[in-house]
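Here is a note to read alongside the model, written as numbered points.

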Amino acid sequence: MPYFSRRFLALLLAAPLGLAMPVFSAAAEASDTATENRPIATTPDGALYGNYLAGVVASHLGDYGRAATFFGRVAQDGQIEDLDLLRNTFGLLLAEGRLDEARDLSDRLLELSPSEGLPHLLRAVDALIAGDDAAAAGELRQLGEGGIADLLTDMLGTWAAADVAGSEAVKRLEGLAERRGLAVLAHLQSALVLDYLGDPAAAEAYEAALESGDANTLRLTLLAGNYFERAGRDERAEALYADYLAANPEEILLAPLRAELTAADGSVRPIVGSLRQGAAAALFDLAGILARERGGQLSMAYANLALALDPGFHAARVLIGELLQSQERHADAIAVYREVPEDSAYGWVVALRIAEELHELEQTDAAISGLEALAEAKPERFEPWYRIGNFERSRENWEVAAEAYEEAVARVGEIEERHWALLYFRGIAYERSKQWPEAEADFLKALELNPEQPYVLNYLAYSWVEHKTNLDRAEEMLLKAVELRPDDGYIVDSLGWVYYRLGRYDEAVQQLERAVELRPMDPTINDHLGDAYWRTGRLREAEVQWQRALSLNPTEEGQADKIRRKLEEGMLPEGEDL
């Protein structure tokens, strides 16, 4: 996978920020000519070349941490002047939070290419940390023009100028507010700067941000609510919080975040109380936008720069952890999450995510132990038991999974629409542990809560087909499920199978052939198609499908033996299916 995608660059990087397509793309790996005319390719030092190739492989596998290490070793050689290599190594180091190594490389990179944006951005951040606002402003002017460079220059430049220019500093954000999709970002940054300066115009800017963005997001709600609380407008703050909780009924962060900001005497401190915290907030908000645009590596770079400005900015660490999770870097995600203090407002959420990542690393027993501790610490929360159920279900410990889901349901109390998935998963656990009446009741309740959920429609209808009951209703449900998920091979298979059970074999063949096209490696779907072929007189094709199903190592109890019997004896007459 490329370090930065072409789509992402075309969308956001209209200005030069030193993030060209990497030299370690899949195409470069495949071609001996990829390293033509590169100093590294002709160096007599085999270690350098080996590190380069190791970096290529690590990058292609998405192991960006090791890629940064290998390319960093190459970049340490003072004779290397390959701009692409140095540029992308620098970007990797920022994304991995290895800022000291990036600083060591920045001088050489700027000597080769003075207009490189990221080294100037790092220097601007360092200047802000040192309290040299003028130097920071000077570095920001070197970022270039257009695209993301304008956002950085406007937002960080506003903070760099705030102490000197005062409220006039926010005027540079006016143009940003007129750009499509960026109004909320501009208004929020204006509000934070004015709030920091104690200017009452902050109230209007916060209201503009709420109006131009999604008012029911945690960050916007918390920042605006925090301001209104400190401004003595408690009713406005409480209305914001109530609206947010109504739109996000499972929310568990707002209350602890507010508690962290409230002193023993009831006074409320600002979220952004310094220029450095303001600049960190700007970088974090931009990182969040980039994350939504699948700009994971650049988003991580900005989040790490935000942490350099404000080491206590735990939301930035959580964002980095989320991005690492999206890259399936499970151990790295755990390491970042564990840097968030357990007693912080994010401690509960982070602990749940650590459990998820331990499960992905096949350390499920450790994950479950952690979840059981969380469940004991917060007996009112259902999330730990819900995840335990999911983990046990993935291990096919069906009865244990059902018990975990039962505990989760008990903690939920009143079942609402948003809990349909909990009932659906418990229904699966019941069905697989041969508790069909309980399973059927859960599936029906889940459908009552979410009538057009295709996976519930499919599972219940398929189960009815297997039990040879409610076949007409099962057909209706599966037609709806296929309409909702036309390219889901399992759902198409279920529709074909209900036609089979109804004796409509030609229609069954039509649907099952399509299901096999969608899921060619599934033994059950291939087995079903073989049965349908047999019933339509296509005996040789049936045998081929059964042989294929057998070669795919079916795991359902008794399935392999049934297929072998069909291959040896054929199928019994209709109504006496094996």
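1. Let me start with Arg381, which counts as buried at 18% relative accessibility; buried means under 20% relative accessible area, exposed over 50% and partly exposed in between, with a 1.4 Å probe and protein chains only. Arg381 sits in the loop between α22 (364–377) and α23 (383–394). Helices here are DSSP runs of H or I with at least four residues, strands are E runs of at least two, and both are numbered from the N terminus. Setting aside neighbours within four places in sequence, Arg381 is in contact with Glu250, Ile252, Trp348 and Arg411, where contact means heavy atoms within 4.5 Å.

2. A word on the basis of all this. This is a predicted model, in which local features need pLDDT of at least 70 and side-chain atom pairs count only at pLDDT 80 or more, while totals for chains, interfaces and linings use all residues. Residues are numbered from 1 along each chain as its sequence is written, and side-chain values use heavy atoms, with hydrogens and water left out.

3. On the overall build, the protein chain has 33 helices and 0 strands. Its C-alpha trace spans about 90 × 70 × 45 Å along the principal axes. Of the 578 residues, 53% count as buried. Among contacts between residues at least 6 apart in sequence, 55% join residues at least 24 apart. The chain exposes about 26400 Å², and carbon and sulfur atoms supply 47% of that area; the areas come from the Shrake-Rupley method with a 1.4 Å probe, and for residues only the protein chains shown count as cover.

4. Now the interior. A nonpolar core is a set of buried Ala, Val, Leu, Ile, Met, Phe, Trp, Tyr and Cys residues joined through side-chain atoms within 4.5 Å. The largest has 123 residues, of which Leu94, Leu121, Tyr206, Phe228, Leu283, Tyr302 and Leu305 touch the most other members. Helix α17 (residues 275–292) gives the most to this core, with 10 residues. A second, separate core of 60 residues includes Tyr430, Val456, Ala474 and Ile563.

5. Apart from its neighbours within four places in sequence, Leu305 is in contact with Leu94, Leu99, Leu121, Leu122, Val125 and Leu283.

6. Next, the aromatic residues. Rings of Phe, Tyr and Trp (its six-membered ring) pair if their centres lie within 6.5 Å; planes under 30 degrees apart count as stacked, over 60 as edge-to-face and the rest as tilted. By this rule the count comes to 18 aromatic pairs. The rings of Tyr52 and Phe71 have centres 5.9 Å apart and planes at 65°, so this pair is edge-to-face. The pair links distant parts of the chain, with Tyr52 in helix α4 (residues 46–60) and Phe71 in helix α5 (residues 64–75), 19 residues apart. Tyr52 is buried at 3% relative accessible area, and Phe71 is buried at 0%.

7. Tyr227 and Phe228 also form an edge-to-face pair, 5.5 Å centre to centre with 70° between the planes. Tyr227 counts as buried at 10%, as does Phe228 at 0%. Elsewhere, Phe382, Tyr386, Tyr405, Trp420, Tyr424, Phe425, Trp436, Phe443 and Tyr459 form one aromatic cluster.

8. Two charges over rings deserve a look. A charge sits over a ring if NZ of Lys or CZ of Arg is within 6 Å of the ring centre and within 35 degrees of the ring normal. Arg393 lies over the face of Phe425, at 4.0 Å from the ring centre. Lys378 lies over the face of Trp348, at 5.3 Å from the ring centre; Trp348 is also one of the contacts of Arg381.

9. A polar atom of the Ser344 side chain lies 3.0 Å from the backbone oxygen of Pro341. Ser344 is buried, with a relative accessible area of 9%.

10. Ala54, in helix α4, is partly exposed at 22%, and its C-alpha atom is separated by 35 Å from that of Leu151, 97 residues apart along the chain. Ala135, in helix α9 (residues 133–140), is partly exposed at 33%. The C-alpha atoms of Ala135 and Val57 are separated by 39 Å, with the two residues 78 apart along the chain.

Technical notes: Polar contact = N/O pair within 3.5 Å; in protein donor to acceptor, adjacent residues only side chain to side chain.
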